[in-house]
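I opened the model today to look up its core, the contact between its chains and a few backbone details. My entries follow in the order in which I worked.

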Amino acid sequence: MKRETITLMLNGIDDDYISEADVFDPETIQEPPERIVHMKKRIITFALAAALMLALGITAYAIWSIHVARQQELKADLKIEENNVSSYMEYTVPDEQASGLVLLSSVNDGQEQHVYVNISPVTKEEAARFPADVRFVWNVSGTEIGGFAGPQLPVGLSVSGEEAIRDAVLENAYDEESQTMTLQCYIDVNFIEEAMAELGTENVPLQVKMIVGENEPKTFGPVPFSLTEEQTRYFDFGHAIYHDEELNKDIEIVGLELTPFSAVWKVSYEGAEDFHTSGSDQAAYEPWSILEDKVCIETKIIFADGSEFSTGGALTTPYENGIVNQFCGWGSAINIDDVQRIVLGDLVLWEAK
Amino acid sequence: MTDTEIINLFFERSEQAITELAKKHGSAVARVARNILGNEQDTEECVNDTYLGTWNAIPPHKPSPLRTFVCKIARNLATMKYHSNTAEKRNSQYDLALDELEECLSDNGSVEEAYEAKELREAINGFMATLNHFDRFIFMRRYWYSDPVKDIAKMADSTTNSVTVRLFRIREKLRLYLEKEGLLV
């Protein structure tokens, strides 16, 4: 592509994206948080469903049941049960709440808290305007802390292009009967900690907004939300050294922090501090960058049934106290208690005794 | 003064509108222009042209948010000026940002490029929708606002290296996305 074409393409970026990158400014609306009760698990019975149909009426029951159905779908899609993910938190669906913002489930991967929610009512027309003309944001009411949310699509699904995304959203994340949209809020754990400090409470008022075209945002919630527990297993590699023949460089692989949905590879090498501070020599860093990637991508995590898993490339690589921390994330859970071996080429980093 | 009050001044055709606009959004406008043009003289001209463009556009437009509106005008004017400048005069963050994208998005075909603005717009916005908030933020700061990587790292409370690596991966994603969409051979 020529420079002129690239310029033309960049000139076509929607105003919403330009505005969101200019300044982060989710509107702050002060509303008292509602109270809900959190429970680890919920058993659905026909009797309860029948009682609710009588108590709430058919429409309210349809909304209530889509919350429960989405919880089941999420649990299956994220492979929670088969991988013993104890850090996965499923919320009680309030019987009395027919619309608004409903927390479905949440999991803390150490860096981000993935929060799955339903919002309603969202008309089909509004839902069909995503991604072209609709944005979803979460924020903590009473603060300027917030971020983006997006329709929750199945983990393995890969779509591209506005039409394909719209169709996938309508098929997978939207329920027309109950006018409910299922979203995932991507919440940096640090943001919630900041909000907790600012508001002086562990239960922060979380709300979601839907912005359709030029219209005023539609607000759902707030509901009280608190950080959930992490589930982390640390593998100490005893300062293993990996020598890369091709690059002729040595890298020390210190350890691995593994959660069901993320990993932090801890590595160290000569000059790492310089490369990870501003003004570093990017050309000199390049081979080390390749080696950093190699550790994340080519190391195999092997489970009891012989299956192998790669964490994929790192999303961020902050340097701290002599260590480069390479954060990686993925869609559905792995069983971190079932790891038997961790190997990079011929180098065995860890093995179950 | 609020944006609505500034827009009202434009509607009243009061020259105070320009003063208030400059006071409130002048630094953002200048930053966009400076990042693209790389020199103060061109930047100053571009900023003044942006104010004139805004004066001509409001009314009838009643933009919201105003800042995005004026930054877009500034960027369009600055990129036009950039492309009309001689190669020797080009030396800006915009150059570096375009170099990064051009290198990543180079295709193998020798066919003349004939893209329609509409398909490019749909493709880039479709791609933007696939990014998470943080990636979208750094992509926009680097390639739309043409900010230096070190400034983006500071804004995002991250390191230059981390932002550089992340931008590299976003560019790769963009390349794959455009290939899928048939815009890159």
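By nonpolar core I mean a set of buried Ala, Val, Leu, Ile, Met, Phe, Trp, Tyr and Cys residues joined through C-beta atoms within 7 Å. I keep in mind throughout that this is a predicted model.

Core. I looked up the largest nonpolar core and found that it holds 136 residues, of which Val117(A), Ile119(A), Val208(A), Ala33(B), Ala74(B), Ala78(B) and Met140(B) touch the most other members. Helix H4 of chain B, residues 66–84, gives the most to this core, with nine residues. I then followed Ala74(B) and noted that, leaving out residues up to four places away in sequence, it touches Val29(B), Val32(B), Ala33(B), Cys46(B), Val47(B) and Thr50(B).

Confidence. For chain A I noted an average pLDDT of 83, with 87% of the residues scoring at least 70. Over residues 24–50 of chain A, however, the pLDDT is below 50, and this stretch has 37 contacts in the model beyond near neighbours in sequence.

Interface. I found 43 residues of chain A in contact with 47 residues of chain B. On the side of chain A that touches chain B, H1(A) gives the most, with nine residues, and the residues of that side divide into 19 nonpolar, 17 polar and seven charged.

Backbone. I recorded a cis peptide bond from Gly221(A) to Pro222(A), with omega near 15°, and placed Pro222(A) in strand E9 of chain A. His239(A), although not a glycine, has a positive phi of about 60°; I found this residue in strand E10 of chain A, and His239(A) counts as exposed because 10 other C-beta atoms lie within 10 Å, where exposed requires 12 or fewer.

Definitions and conventions: Residues numbered from 1 in each chain as written. Chains lettered and ligands numbered in written order. Predicted model: local features only at pLDDT ≥ 70, side-chain atom pairs only at ≥ 80, totals over all residues. Buried ≥ 20, exposed ≤ 12 C-beta atoms within 10 Å, placed from the backbone. Helix = DSSP H or I, 4+ residues; strand = E, 2+ residues; numbered from the N terminus. Contact = placed C-beta atoms within 7 Å. pLDDT = per-residue confidence, 0-100. Nonpolar A, V, L, I, M, F, W, Y, C, P; charged D, E, K, R; others polar.
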